[in-house]
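Reader: I am new to this and would like to learn how to read the side-chain features here. Could you take me through them one at a time?

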Amino acid sequence: MFYQPSLAHLRTLAHALCIAPTVFSAPLYAQETPDVQTQIKQIQASLGQIKSDYEQRIAVLEQQVQQLKQQNQQLAQRTQPSVSTLPIAEAKTPAAPTKTQQRLAKATAIEDSITAVAPPPAAAAPTPLPNLGGQNRSIDLGAELFIDAKYSAQSQNPQNAYAGVLPNGAEGVPRGFSIGETELSLKGAVDNLFRAEARFVLEQEGNSTALKTEELYAETLGLPGGTKLKAGKYWSNVGYLNDKHPHEWDFVDLPLVYKQVFGGQLNETGAQLSWIAPTDNMLFKLGGEIAQGSNGYTGTYNSNYNQNKPRLGTLFAKTGGDIGDAHSWQGGVSWVRATTGNSSANQASYDLTNTAGNTINTLNFNGGNTTWIADFVYRWAPFGNPKAQNLKLQGEMFWNKQSGSMTSNFDCGDAGQCVQGSNFAQNQQGFYTQGIYQFIPNWRFGYRYDRVFNGTNSYGLPTAALTNSQIQSGWNPVRNTIMMDWANSEYSLIRLQLARDNAFGPGVYNNALYLQYIMSLGAHSSHKY
């Protein structure tokens, strides 16, 4: 059996064969000794033998290719109707692609190259279905199962609300042993025009578990001009981390700013239109979304279910590319707008709690919320190969403004909304920045810094309605997190994480330890950039 060279070995050999005649045709010194001449002849003989071995190997591979072609032709003749029963069609030469089509294909290839972190494992061949009178069709279905489990020890109760602004409904990782988000993914091409994907998650809710639909959508394939249309339930494409699933995160939990602005991640039911420019050396993508607005984005609305008018919209722009063989980057800007409308049926309801987690008041809000996001990611890997070493730097900045009117149920008895507030305004800014370094194969170390600026907010309500609650204008929480993980393969990962924050209020520090494992079954597709 011959040695099977890698692509790097073949390139090295090609360079050696090209320069060898030049190097060895002239003496390195004015006078060559017999020993030097003997060594040169030995090296030339070795190169000749290696070249002969590769030529023999190539000949064997060509022979195998021919055999496979013959077997494929024989199989096709067995499965197709007799030639005599088919009409004879004139052979046509396919038209050459236009210049725009060539540029679009190249732009799509650039996006694939900067979004594929690692090549996915080879998928099984499609299973042919019996022909039931229609066109032959094959199953193109990929299935993945991700299992996530954790242990955490925390000095504060993660179910308490963060201090600073109105509660957002974000849930922390519970103390002790728990299951994270176990996810089943089914996806594949429907036909030549459409692709579909469904993701179902089993997650812990208190002492029980719940099965939820995380994503369920269809999208187009091959629309002209680089456009794509998606419709259904999906993670919004705003920001960088928002459309990443938990098994793709570099830390156990989300940054503070995601929890306080989005209440987690923005997951909506609606439609998305995106476009990729046919550029040569860079990715440039524009898109927008319109959604029902029924999943509690920042608590701006309670629910817009069964309403004709969608109440959430987004716009986003992304660009990126490669810098040489070892560096790549991606940046983006996003805009999100959500409203409750004027109907009391869609108003947001906020439960204010004290330090013990007990509800002491309820606020009801009508108005709107606008968020801007800027994101940037940089990656480094020697010669573009991240297997041995790689570095990832990532950060996002949020600007969030909420305004409208507020009412309170404070000290009302049976009177209902007895306290009517004036104009309400809440402003937030926040960011996180993190770095992940794989220093040896399979081992990574990471650090993340979080900061949220809650500003000075006006609720338009009596001071007594907010006393002893988590609302503390001007409180700016900070968190520091370190983690180390080990991946035996792309299908298994074990992670240790330590964090310290003061998100629950002045002088209240939460020291947290997390131990997590993530396992996957099935064909594991490549992660997004």
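Author: A residue is called buried under 20% relative accessible area, exposed over 50%, and partly exposed in between, using a 1.4 Å probe and protein chains only. Please keep in mind that this is a predicted model, where local features need pLDDT of at least 70 and side-chain atom pairs count only at pLDDT 80 or more, while totals for chains, interfaces and linings use all residues. Residues are numbered from 1 along each chain as its sequence is written, and side-chain values use heavy atoms, with hydrogens and water left out.

Reader: Is Asp-148 buried or exposed?

Author: Asp-148 counts as buried, because its relative accessibility is 6%. Lys-150 is buried too, at 11%.

Reader: What do Asp-148 and Lys-150 form?

Author: They form a salt bridge, with the closest N and O atoms 3.0 Å apart. The term means that a side-chain nitrogen of Lys or Arg lies within 4 Å of a carboxyl oxygen of Asp or Glu.

Reader: How many salt bridges does the structure hold?

Author: There are 18 of them. In one, Glu-197 meets Arg-195, with 2.8 Å between the closest N and O atoms; Glu-197 is buried, at 7%. In another, Asp-485 and Arg-495 have their closest N and O atoms 3.4 Å apart.

Reader: Which strands hold Asp-485 and Arg-495?

Author: Helices (H or I, at least four residues) and strands (E, at least two) are DSSP runs, numbered from the N terminus. Asp-485 belongs to strand S18 (residues 478-489) and Arg-495 to strand S19 (residues 492-501), so this pair ties together parts 10 residues apart in sequence. Asp-485 is buried at 2% relative accessibility, and Arg-495 is buried with a relative accessible area of 2%. Elsewhere, salt bridges that share partners link Glu-183, Arg-195, Glu-197, Arg-199, Glu-215 and Glu-219 in one network.

Reader: How should I read a nonpolar core?

Author: Picture a set of buried Ala, Val, Leu, Ile, Met, Phe, Trp, Tyr and Cys residues joined through side-chain atoms within 4.5 Å. The largest one here has 21 residues, and those that touch the most other members are Val-238, Leu-241, Val-257, Tyr-258, Phe-262, Leu-266 and Phe-398. Helix H4 (256-261) and strand S12 (327-339) are the elements that give two or more residues to this core. H4 gives the most, with four residues.

Reader: Which residues does Phe-398 touch?

Author: Contact means heavy atoms within 4.5 Å. Leaving out residues up to four places away in sequence, the partners of Phe-398 include Val-257, Tyr-258, Thr-371, Trp-372 and Gln-428.

Reader: Where does the charged end of Lys-244 sit?

Author: Over the ring of Tyr-240, 4.0 Å from its centre. A charge sits over a ring if NZ of Lys or CZ of Arg is within 6 Å of the ring centre and within 35 degrees of the ring normal. Lys-230 likewise lies over the face of Tyr-217, at 4.4 Å from the ring centre.
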